[in-house]
Amino acid sequence: MLIALCAVAAVSPIFAQKVDDAAGKLKFVVILSRHGVRSPTVSVEQLNQYSASPWPRWDVPPGNLTPQGATLMRLFGAYYRSYFAQQGLWNPAGCADAARVSVYSDSDRRTVETGSSLAAGMFPGCPANEQPEQHALQDGQADPLFHSLSAGIGEPDYQRAVASIAGRIGNNPEGVTEAYRPQLEALQRLLLECRPASRCAEPGHAATKLLLDVPVRLDGGKGDHLAELKGPLSTASTITETLLLEYTTGLPMDQVGWGRMNLATLKQLMDLHTAASDLTRRTSYLATVQASNMLAHILETIQQAATQKPIPGALGKLGDRAVVLVGHDTNLANIAGMLNLNWVVDGRRDDTPPGGAFVFELRQAPNGSGYEVNTYYTAQTLEQMRQATPLTLEKPPARANIFIPGCSTGEANFPCSWKAFQHTLTSVIDPGFVK
């Protein structure tokens, strides 16, 4: 595999979650969440070029949160309320705690609606003036928190960006196709509706392009895309993500992969999306340039909570108990690349499905000497998403405790002391890309 194992994550099976006696009292939390289930960002016409049968059409515009996506984020919000109330951070009911929660969403409609859905799930029935503060720029405006390069922060080296990917693939872009040829061939057979054990025919009048014939190239990019690795893998990443969205938004199974795909097949094909993300989002230089600003603000926000003093650059209000950031899988993958984080949830490694989140918990150290930070990744399973399963302490989302190289200890939940966490994050943040 192209992805090196740099950090480990302890996976919590899906069972009732209880207060961890080994962990200290929870004081504050930062949640960095991907938006909920959306419609594809590419057109049906673009997708139809690679398939023998047409793709389903969606009831919402491209890239928008679906009704199922909004429901799933309300369910996740309700779970966060239950879990953090159990941990003593909030009261289990009522609206008063909403005043100590701040939500920052990227300016896209899907992220803004995701933030609103999470808040509605956390504080159901509360009037608008008793909901958490919502922060978002105007639709389409580049938010430096989520898209620092598009917002004009820093001067990236595009040549170095290309080289950073080339150096991970032996300067051989065509080799990436060969590394994933079995999965790419399986996806192509699905697209062309090839029968098992039969030879896959050339595309007919419906499919005008073969996935494996997509030209391969590694070029410099623009804006948030510092470098672009084009080819079968990047195309497959878009296609497999679309299959995931069909499944998780609850389309009838005869419309998910044209009725020729089950959950096990989907999980296998999603490895293509994860592999493409690893190269173009987690590669160290790209990740550092794109996520230094966000990670710096996360660090300053936790510092403000730890010191109970105003810190320049901190998000939220002094006295907040939680700050929620709603962005994109790109943001999560960039931070994972900066910190060398890995995890496995729901049988998939390093995947960032809709609604998945990094959670940074600031806790009083168990021995009473200062603070520590526990980090984990959490996401609804694909089946929980498809069925819109209510999340409870007895039936929670999947969760993996994260080991952060440089500061995590060997204790349960891999905590970092606050000072070690500060030092580790400061050492990877590039000040030239922070505002």
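Guide: A disulfide, as the word is used here, is a pair of cysteine sulfur atoms within 2.5 Å. The structure above is a predicted model, in which local features need pLDDT of at least 70 and side-chain atom pairs count only at pLDDT 80 or more, while totals for chains, interfaces and linings use all residues. Residues are numbered from 1 along each chain as its sequence is written, and side-chain values use heavy atoms, with hydrogens and water left out.

Visitor: What makes Cys 95 and Cys 126 a disulfide?

Guide: Their sulfur atoms lie 2.1 Å apart, and because the limit is 2.5 Å, the pair qualifies. Cys 95 sits in the loop between α2 and β3 (101-105), whereas Cys 126 sits in the loop between α3 (109-122) and β4 (133-135), so that the link joins distant parts of the chain, 31 residues apart. Helices (H or I, at least four residues) and strands (E, at least two) are DSSP runs, numbered from the N terminus.

Visitor: Why is this disulfide called left-handed?

Guide: The torsion about the S-S bond of Cys 95 and Cys 126 is about -100 degrees, and therefore the disulfide is left-handed.

Visitor: How do you know whether Cys 95 and Cys 126 are buried or partly exposed?

Guide: Buried means under 20% relative accessible area, exposed means over 50%, and partly exposed lies in between (1.4 Å probe, protein chains only). Cys 95 has 22% and therefore counts as partly exposed, whereas Cys 126 has 10% and therefore counts as buried.

Visitor: How many disulfides does the rule give?

Guide: The count comes to two. Cys 407, at 8%, counts as buried, and so does Cys 416, at 1%.

Visitor: How do you know that Asp 143 has no salt bridge?

Guide: A salt bridge needs a side-chain nitrogen of Lys or Arg within 4 Å of a carboxyl oxygen of Asp or Glu. The nearest side chain of opposite charge (Lys and Arg count as positive, Asp and Glu as negative; His and the chain ends are not counted) is Lys 435, 9.9 Å away, so buried Asp 143 has no such partner.

Visitor: Why is Gln 68 called buried?

Guide: Gln 68, which lies in helix α2 (residues 67-86), has a relative accessible area of 17%, and therefore counts as buried. The backbone oxygen of Thr 248 lies 3.3 Å from a polar atom of the side chain of Gln 68.

Technical notes. A polar contact is a pair of N or O atoms within 3.5 Å; within protein, one must be able to donate a hydrogen and the other to accept it, and residues adjacent in sequence count only if both atoms are side-chain atoms.
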